[in-house]
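Subject: A structure for you to look at

Hi there,

Here is the structure I promised to pass on to you. Have a look at it first, and then read my notes below with the model open beside you.

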Amino acid sequence: MALSGLRVLELAGLAPAPLCGMILADFGARVVRVDRAPRSAVAADAQGRGKRSLALDLKRPAGAAALRRLCRGADVLVEPFRHGVMEKLGLGPEVLLQENPRLIYARLTGFGQSGKYAKSAGHDINYLALSGVLSKLGRKDENPYAPVNLLADFAGGGVMCAMGIIIALYERTKSGKGQIVDASMVEGAAYLSSFLWKSQNLGLWNRPRGLGLDSNKLPSQLSFSDWPKMKKMFASIFAQKTQTEWCSIFDSTDACVTPVLSFDDAASHQHNKQRGSFIKNDQEEISPRPAPLLSRTPAVPSFKRDPFIGEHTEEILLEYGFTKQEIAKLHSDKVIEFSKPKANL
């Protein structure tokens, strides 16, 4: 398979990291899941397909030393802990990359390795809220609906992290060097929604959210008997203060509470600004920065406007070996088109 021979160490976690490891295993990588020891009663990984399990107590010096030794012979390490956890264990990237400069050190977290929320707890819905995407989901005149944990955990997290690993591995074939992949689920979810950001001026998203469905006629998804009462209780409490007031209460705590931000607010939120999660092009249009963030060879997005259709036709054909005569013939035969931008006078 495509990734045959690739050696991956995946530190056991929930949802996104197991998906990332499973994707790599499905395409041929030799994935070892490093489970916690002593072994917990319940296996949390429902995405263990194709993996092998190694139970290791990383809190003990001998366990941490064993992982360091494993990393010397690995191609990829996937770790799902909050910022600072690996460093406390003596297993941070500055240690492991010094011992194995070819290692791809993938850090998969909700808020990323920097910013005010880097050490905060959170769930899929929190990352989706901070990205701005949650504000776009739901029916007309109703509260936003979170699509279970598909968008932030799995798409913005697991899939984006796997993509970042593959990009870093490809770059390593040229440089011989590994690097850190900083996969933030906030930024991954935002990057997935780039079309929503970049098409705002088309008028597609000016109307209220909604599909015109009558929620009363839909079957209930999960009918846990106490949930409706609890929802009303929480709703009545949250209605007593503004979003800003709740943010001031919950910021710097470990409660999984984040504001549901509009696109405008997401771009100006302190955590996202600290990480540079959103960029502005020459036309002052805001969109998500490419994700995940690679430590040594990060993406460098163009700040120019998007190309006009056919703007670079001749330039590209010349690069690929077409002669000017061949290009002229293709143009006269109406096989290709040129489109030069008009000057704004």
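Predicted model: local features only at pLDDT ≥ 70, side-chain atom pairs only at ≥ 80, totals over all residues.

Ser131 belongs to helix α5. Is Ser131 buried or exposed? Its relative accessible area is 0%, so Ser131 is buried. Which residues does Ser131 touch, once its neighbours within four places in sequence are left aside? They are Val186, Ala189, Ala190, Trp197, Ala266 and Phe278.

Now for the whole chain. The protein chain has 345 residues, and 40% of them count as buried. Its secondary structure comes to 14 helices and nine strands. If you take the contacts with a separation of 6 or more, 67% of them are between residues 24 or more positions apart.

Next, the sheet. Seven strands make up an open sheet with mixed pairing, and their order is β3-β2-β1-β4-β5-β6-β9. Which strands are at the edges? They are β3 (51–56) and β9 (293–294), each of which pairs on one side only. Strand β1 (residues 7–11) pairs with β2 in the parallel sense, over five bridges. To find this pairing on your screen, look for Leu9, which stands opposite Val32 in β2. Strand β2 covers residues 30–36 and is mostly covered itself, with five of its seven residues buried. Another parallel pairing joins β4 (residues 76–79) to β5 over four bridges. There, Leu77 stands opposite Tyr105 in β5.

The buried residues in α1 are Pro16, Ala17, Pro18, Leu19, Cys20, Gly21, Met22, Leu24 and Ala25. Just after α1 comes Gly28, which takes a positive phi of about 110 degrees.

A disulfide is a covalent bond between the sulfur atoms of two cysteines. How many disulfides are there in this model? The count comes to zero. For Cys20, the nearest cysteine sulfur is that of Cys161, 3.9 Å away. The cut-off for a disulfide is a pair of sulfur atoms within 2.5 Å, so Cys20 is in no disulfide. Cys20 is also buried, with a relative accessible area of 0%. Cys247 is in no disulfide either: its nearest cysteine sulfur, that of Cys256, is 14 Å away.

Then there are the rings. How many aromatic pairs does the structure hold? There are six. One of them is formed by Phe111 and Tyr127: the ring centres are 5.0 Å apart and the planes are at 85 degrees, so this pair is edge-to-face. The pair links distant parts of the chain, as its residues are 16 residues apart. Phe111 is in the loop between β5 (104–109) and α5 (124–131), while Tyr127 is in helix α5. Both Phe111 and Tyr127 are buried. Ring pairs also bring in Tyr117, linking Phe111, Tyr117 and Tyr127 into a cluster.

The charged end of Lys136 sits over the ring of Phe263, 4.6 Å from the ring centre. Lys241 lies over the face of Trp246, and here the distance to the ring centre is 5.3 Å.

Last, a residue in another helix. Glu315 lies in helix α13 (residues 313–319). With a relative accessible area of 45%, Glu315 is partly exposed. How far is Glu315 from Phe263? Their C-alpha atoms are separated by 36 Å, and the two residues are 52 residues apart along the chain.

Enjoy exploring, and write back with any questions.

Best wishes

Key: Residues numbered from 1 in each chain as written. Heavy atoms only, no water. Phe/Tyr/Trp six-rings, centres within 6.5 Å; stacked < 30°, edge-to-face > 60°. Helix = DSSP H or I, 4+ residues; strand = E, 2+ residues; numbered from the N terminus. Buried < 20%, exposed > 50% of the residue type's maximum accessible area, 1.4 Å probe, protein only. Lys NZ or Arg CZ within 6 Å of the ring centre and 35° of its normal. Contact = heavy atoms within 4.5 Å. Pairing = 2+ DSSP bridges.
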